[in-house]
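Student: I'm new to this one. Could you take me through a single part of it up close, and then show me what else is worth a look?

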Amino acid sequence: MELFVYFCRNKKLVIMQQKLVVFTGAGISAESGIPTFRDKNGMWGKYDAMKLASVEGFEEDPQAVLDFYNARRKNLLEVEPNHAHFVLAELEKQYDVTIITQNVDNLHERAGSSKVIHLHGELFKVTSSRNRLDSDCIKEYPLDVPICLGDKAADGSQLRPYIVWFGEYVDNMDLAEHLVKMADIFVVIGTSLVVYPAAGLVNYAHREIPKYLIDPNDMKRGLPFGFEHIKAKAAEGVDELVRRMEELEK
Ligand code: OAD
């Protein structure tokens, strides 16, 4: 727990902020208009993930992959954070909140969340196609400028979006596991929990802390052990979450 010490009329007040860790997936951005991957009308129902989200796919048809991500990058300019993103940002007034997200959008940041950890990359960044993790090549890139064949990264290789494709090293996993282990409250929102290693984070939370999962649907692989299911869309579910967390305080 983090301690905040204030002095009020010469009295020392110590306020303990609980660590609230929130693990999000595509479902939290669905009500902003960004499609999920595996629901009806989901992205991977329409497109072949192995062609558009793998190194092999990029080598085979880089133009198709760039077209796919350029469209998603452009779409990000047209969407706004929704109530769920804003409520999580607002919770920073009461809790020490960390968001761990599989999403490549920037809606948590735009809603005002200050600690956001991306596991699967970020649409607003680009990198080298020779070495995705080369820090000299990772940079922010305007969303309204398409990434074109022939655009070069700092190492001279073709520029590519900073996205973790299938089979690639997932960013920040050690940090994410550590944060989940240290959580006082753990919340999962809008993820099917089928993509590993990220999905395995649910197993790192301490068994005795409160754990909530917000998702309007039954979980394909069953509710993880010890979680309360708030069966609602994210925007409605976060209000119920806040109610339940207020109950914990009483
Ligand atoms: P999925 O599409 O697999 O799962 C979305 C989840 O959101 C499902 O459990 C839905 O029931 C739920 N959902 C749908 N609408 C919702 C709403 N309005 N509010 C709350 N929940 C809702 O998406 P992810 O689990 O995020 O990786 O997918 C994981 C990874 O697979 C993604 O990060 C992406 C994809 O391949 C990469 O692109 C690297």
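Tutor: Let's start with R132, which sits in the loop between β6 (121-128) and β7 (139-140). Keep in mind that this is a predicted model. Is R132 buried or exposed? R132 is buried, with a relative accessible area of 6%. Its side chain reaches the backbone oxygen of Y169, at 2.8 Å. Leaving aside neighbours within four places in sequence, R132 is in contact with T127, I138, R160, Y162, I163, V164, E168, Y169 and D171.

Now for the cysteines. The sulfur of C137 has its closest cysteine sulfur in C148, 18 Å away, so the two are too far apart for a bond. A disulfide needs the two sulfur atoms within 2.5 Å, and by that rule the count comes to 0 disulfides.

Last stop, the ligand. There are 23 residues around the ligand, and R38, T191, S192, D215 and N217 come nearest. By class, this shell has 9 nonpolar, 9 polar and 5 charged residues. A polar side-chain atom of D215 lies 2.6 Å from an oxygen atom of the ligand. For N217, an N or O atom in the side chain is 2.7 Å from a ligand oxygen, and a polar backbone atom of G190 is 3.3 Å from an oxygen atom of the ligand. Taken alone, the ligand exposes 800 Å², and the protein buries 94% of that.

Key:
Residues numbered from 1 in each chain as written. Predicted model: local features only at pLDDT ≥ 70, side-chain atom pairs only at ≥ 80, totals over all residues. Heavy atoms only, no water. Helix = DSSP H or I, 4+ residues; strand = E, 2+ residues; numbered from the N terminus. Buried < 20%, exposed > 50% of the residue type's maximum accessible area, 1.4 Å probe, protein only. Polar contact = N/O pair within 3.5 Å; in protein donor to acceptor, adjacent residues only side chain to side chain. Contact = heavy atoms within 4.5 Å. Near = heavy atom within 4 Å. Areas by Shrake-Rupley, 256 points an atom, 1.4 Å probe, with all protein chains shown as cover. Nonpolar A, V, L, I, M, F, W, Y, C, P; charged D, E, K, R; others polar.
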